[in-house]
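Here are some notes to go with your first look at this one. Have the viewer open and follow along point by point.

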Number of protein chains: 2
Amino acid sequence: MLTINAERLLARLQALAQIGRTQEGGVSRRAFSDADLEGRAWFQREVEEAGLLFRKDGAGNLSAILPAADPQARTLLTGSHLDSVPNGGRYDGALGVLCALEALQTIREKGIPMPYHLEAISFTDEEGACIGTFGSLAFSGALGEADLARARLDAAELSAALQRLGLSRESLFDARRDPATLAGYVEVHIEQGSRLEEEQVDIGVVTAIVGIRSYRVRFFGEAAHAGTKPMHKRRDALWGVVQFVARAREMVMQRFTPGVMNCGWVELAPGSFNIVPGRATLALEFRHSSQSLLNEMQQALLDLCAQAAEDNGLQWEAEPLAGTPPAAMHADMMAAVEGAAERLGLSHMRLPSLAGHDARSLSQITPTAMFFVPSVDGISHNPREYTRDEDVINAGNVLLHTLLEVAQVPRVWWE
Amino acid sequence: MLTINAERLLARLQALAQIGRTQEGGVSRRAFSDADLEGRAWFQREVEEAGLLFRKDGAGNLSAILPAADPQARTLLTGSHLDSVPNGGRYDGALGVLCALEALQTIREKGIPMPYHLEAISFTDEEGACIGTFGSLAFSGALGEADLARARLDAAELSAALQRLGLSRESLFDARRDPATLAGYVEVHIEQGSRLEEEQVDIGVVTAIVGIRSYRVRFFGEAAHAGTKPMHKRRDALWGVVQFVARAREMVMQRFTPGVMNCGWVELAPGSFNIVPGRATLALEFRHSSQSLLNEMQQALLDLCAQAAEDNGLQWEAEPLAGTPPAAMHADMMAAVEGAAERLGLSHMRLPSLAGHDARSLSQITPTAMFFVPSVDGISHNPREYTRDEDVINAGNVLLHTLLEVAQVPRVWWE
């Protein structure tokens, strides 16, 4: 059975983890940072030393290319991202890029004839230093001027950031790839959860990437003296928050699991020990991989807001913020991942991804699959993020065989 | 029946309301501000025109004095404060000072012989631009260097503020009055609540001024990815807050009314839409006029913190902040207020004060009474604060007759 070079993959993961390494043993490779630039330069050297073509597009997405004999062939893509959150982990994103590089290198070394160009890609700024999944949005043609206007970097900061990568605001739109030239996309990633670990399953085949919606919910009551205003006469905005969060939590767990909700930020005004809060603002985010359940969830949550306001004598409003719809993965591509896992004797299960990924962008333009390997204790975006070596190796091998399966490479080449 | 000059009292309230008047019809006479200085100068003129002696002590407390024939007599005090919160109301504090001035002026005009020196006093900075009840703390000898160190103004700002009033840090401690020279203190104030209005009672005789305790309560959970961390595995610090606030609210209303609690400020960390909050900090304040019930309340609230932490897999801590104990009013002085109300045919009831007042400081050194007149809709610290003219006049008359009652002035002088 054809397998990747496991030592080489582990060594590259190790080497990459030194770039932007933090005191706590994690990595900080925020997009456009010095560490990001260093990581990019390192990747280019690795690609070239592996005998693959290196390419950078207008959005700074970096690729290793193994061309097919036929110049007119379509491209089968695989990859992830090299950037990290601040003080994040060593595996998030890095695993997918290095497995992709390793798979291409293995195929090249074996001289397996491929009907597609193979491209191992690292997308720019998946973690959103400027815009979440920035590079893959540009690649899939989904990046618009409106996105740039709402970015976390202002116009001047964005120009400076792009300039560091040798890019410009105009070049971003050149990154768009014609879907007709693409044969599909596969991404491997750590799970960042613990379902695989709990079920003791090797490979998680993603059915869909969650849709995410968020609202800024405001409750309006009446600021009052915290001594002289009797409690039964108060219109305390915090009480709206408390009732809403308590009921929403129960409801989501009972009716919408594995969908989730979170309230990660609250602000009370005037905001003093001795003043009953007259206004409360709450950050509400909720996720589901099913579009219809996401809609149901939204309605049920907004109903609970209304109820919490009414029961506490408050006014309320919910300001919708930018969201992303659920993205279903492609059935044939999912089957290819499952076929690859079975070839390798690995157990697998289907599950939704509760986190967003570059695969969401790609799923809009080409048949896309994504699969997970276990994260110890589900820890992620954290220096303690860890995936065992055997799972890293499984990730590389399943990715390799998924590419071979999609390309329908005859058994003789890989058995 | 002897009564005050109602027109003069209403005219003075009207005149004082022009000093620091705000667009919304309230007043901003923050202590040490230009408006405060203007109010002080106006008060001095009114005192002198009324034929009373004017005095300023080392803490800037301003007094009108009507001396007794016997220079060795003790002093019967009455007063409140002329400063206001920013954009506050026209009655809070001002009513008590102007009723005191009016009562002394009436007694002087009638030539009633008094066994005590009478002193109508306006205490500096009751509202706490620097320190809440600053002037009355200094007067009662309760102001220490530790209070100055914890003040809202730093050392340089405090020096500058004191200098504006012709005072110094050293002079503050000269304001301390020997309790042996005092016969008692009476303060009239607007209720800042709506119990009198609801019960349709003219005069509220304060039994005690609430004790106030506050804590900074912290719940510690685990920050986590708001998508991939299943809800049943989260240790969400907000859930501790939600359970605590919901249960504490019910408990306080059921077991501790008229005691109250408030959570006026909350902060979640890291504080992002897509991160489960790992830490929550909550401002908790609670009040009761009974020391034993305040202790019970504290224990019950801290028990609920512990329960909320345990039920949600959190750690917790409660950092106690500076508080004030309940202050009981003096039985004889309360009886004097009730006797005065009855002379005037006014209805009265006993109630605790849920707000702090200068009377708290005075109660530590001399027999003290406090009484309330109704506030329309209980609104206070607000430009819409309003007390009807008839209640203002009742305030003045009850104060006048309380002084006469305490001094045991024979019926012939006032009937």
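1. Start with a pair of residues in chain B: B:Val266 stands opposite B:Leu282, which sits in β11(B). Bear in mind as you look that this is a predicted model.

2. Now widen the view to the strands around that pair. β9(B) and β11(B) pair in the antiparallel sense, with nine bridges between them. They belong to an open sheet of four strands in chain B, ordered β9-β11-β7-β12, and the pairing is antiparallel. At the edges you'll find β9 and β12 (315-324) of chain B, each of which pairs on one side only. On average, neighbouring strands here are turned by 15° against each other, if you ignore direction.

3. What packs on this sheet? That's α8(B), which touches β7 (211-220), β9, β11 and β12 of chain B. The direction of α8(B) makes about 175° with that of β9(B).

4. Next, bring in chain A. How many residues of chain B are in contact with chain A? There are 43, and they meet 43 residues of chain A. Some of the elements from the points above turn up again: α8 (237-255), β9 (260-269), β10 (275-276) and β11 (279-288) of chain B each supply at least two residues to the side that touches chain A. The most comes from α8(B), with eight residues. By type, that side of chain B divides into 24 nonpolar, 15 polar and four charged residues.

5. How are the two chains related?

6. Last, a helix pair in chain B. Helix α3 (residues 94-110) and helix α12 (residues 389-406) of chain B pack at an angle of about 55°, their axes 9 Å apart, so α3(B) is oblique to α12(B). The crossing is right-handed. On the α3(B) side, the contact includes B:Leu95, B:Cys99 and B:Glu102, while α12(B) brings B:Val392, B:Gly396 and B:Leu403 among others. The contact residues divide into nine nonpolar, two polar and one charged.

Notes: Residues are numbered from 1 along each chain as its sequence is written. Chains are lettered from A and ligands numbered from 1 in the order in which they are written. This is a predicted model: local features need pLDDT of at least 70, side-chain atom pairs count only at pLDDT 80 or more; totals for chains, interfaces and linings use all residues. Axes are lines fitted to C-alpha atoms, for helices over the stretch in contact, and angles run from 0 to 180 degrees between N-to-C directions. Angles under 35 degrees count as roughly parallel, over 145 as roughly antiparallel, 65 to 115 as roughly perpendicular and the rest as oblique. A crossing is left-handed if the near helix is turned anticlockwise from the far one by less than a right angle, and right-handed if clockwise. Two residues are in contact if their C-beta atoms, placed from the backbone, lie within 7 Å. Ala, Val, Leu, Ile, Met, Phe, Trp, Tyr, Cys and Pro count as nonpolar, Asp, Glu, Lys and Arg as charged, and the others, Gly among them, as polar. Two strands pair if DSSP finds at least two bridges between them.
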